[in-house]
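Work through the exercises below with the structure open. Each task is followed by a solution in steps.

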Amino acid sequence: MADTEFTPRVFSGIQPSGGLTLGNYLGAMKRFVDMQEAGGFQTIYCMVDLHAITVWQNPSDLKKNTRELCAGFIAAGIDPEKSILFNQSQVPEHAQLGWLFNCVARMGWMGRMTQWKDKAGKNAENASLGLFAYPALMAADILVYHATHVPVGEDQKQHLELTRDIAAKFNHDFGVEFFPIAEPVIEGAATRVMSLKDGTKKMSKSDPADASRINMTDDADAISKKIRKAKTDPDPLPDSLKELDARPEARNLINIYAALAEIEPQAVLDQHQGALFGHFKMALSDLAVAKLAPISTEMARLMQDQAEIDHILGRGAERAREIAAPILAQAYDIVGMVRS
Ligand code: AQP
């Protein structure tokens, strides 16, 4: 079955494993909004709470972070009428298809995942089985909707390749062409936003150092202070991107500026070449505050009505199940489960 026979459908998710960061926003959420608005796709966005618990989450924080993430999606421009917006655990078909994929994926495939190696570290014996199986559940998240396009940051590229391998192996093993081979959509200047303290490390919501990231709940003062204190170097900005190859912190700030201003990184250099970082950081800080403060204000407003957020999540889950349930039923039938 050719890809074109599948309904063009976008799926992506974000873990409620902490507060939303600028990395999640620029690398994922902002592009989710673009795909919602582009038309031509049905868009499905998920708070992947089952993924979050692959490492320890305090239960009350998990609930708060899930609702805050939902508020973040809406404040950033996801319209729960245009897109389907829900949390993963309210759609049991994800975990049910995930089990089939646990039986399709191979241990060796999982063991090669860099995120597994990074997160389990030297203490793999003590890591949860869920952390190891994470990419099989991620494949189920995508394929339970027969999603054809998956917008993600660069760090998820390897997991997306594994999703394609799982779909292909399932189709091959059972002699069907049932699951689409989903396309990763990794685009823009900010596919990998780096830590403000170390330009070689990804900006991450679970980094213990708060100064390493901009949180989407940070107010104008906090955003300015973090940008002012971001690690840089004493050299002025060059006129070509090539000259930033050995200056990862400088390159990161240029990429952030470009993504926020929706221009190419080279255009940022064209505007600011010769500037010292003291000056450039002021311009970046003004831009970041102008773009992010309205989102954090709206998130705070939405968070005051928890019942409304829960209602949106519940309604989104119902709509998601309408798509997922028949696809899961067909997958179970293909595998040979009696459906009576
Ligand atoms: N720094 C980043 N730059 C660009 N994109 C990023 N994403 C995450 N960090 C960056 C993208 O955001 C989406 C959701 O990510 P996730 O929450 O599922 O998990 P993650 O990639 O592991 O993000 P974090 O912030 O690092 O979470 P923790 O600390 O809990 O592991 C994905 O599309 C991701 O690519």
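**Exercise 1.** State the volume of the second largest pocket, and find which residues lie nearest its centre.

Solution. The second largest pocket has a volume of about 310 Å³. A pocket here is an open set of points on a 1 Å grid over the protein atoms alone, where a 1.4 Å probe fits, with protein on both sides within 12 Å along at least five of seven lines; lining residues have an atom within 4 Å of a point. The volume is the space filled by probe spheres set on the points, which are joined across faces, edges and corners. Its lining has 15 residues, and Arg 31, Asp 34, Glu 187, Gly 188 and Ala 189 lie nearest the centre.

The model is predicted: local features need pLDDT of at least 70 and side-chain atom pairs count only at pLDDT 80 or more, while totals for chains, interfaces and linings use all residues. Residues are numbered from 1 along each chain as its sequence is written, and side-chain values use heavy atoms, with hydrogens and water left out.

**Exercise 2.** Determine which element gives the largest share of the lining of the second largest pocket, and why this pocket lies between two domains.

Solution. Helix 1 gives the largest share, 5 residues; helices are DSSP runs (H or I, at least four residues), numbered from the N terminus. The pocket lies between domain 1 (9-191 + 305-335) and domain 2 (210-301) because both give residues to its lining. The domain bounds come from an automatic or database domain assignment.

**Exercise 3.** Describe the largest pocket by its volume and the residues closest to its centre.

Solution. About 1100 Å³ of space lies in the largest pocket. Its lining has 46 residues, and Gln 15, Gln 115, Asp 155, Gln 156 and Lys 202 are the closest to its centre. Helix 1 provides the largest share of this lining, 5 residues.
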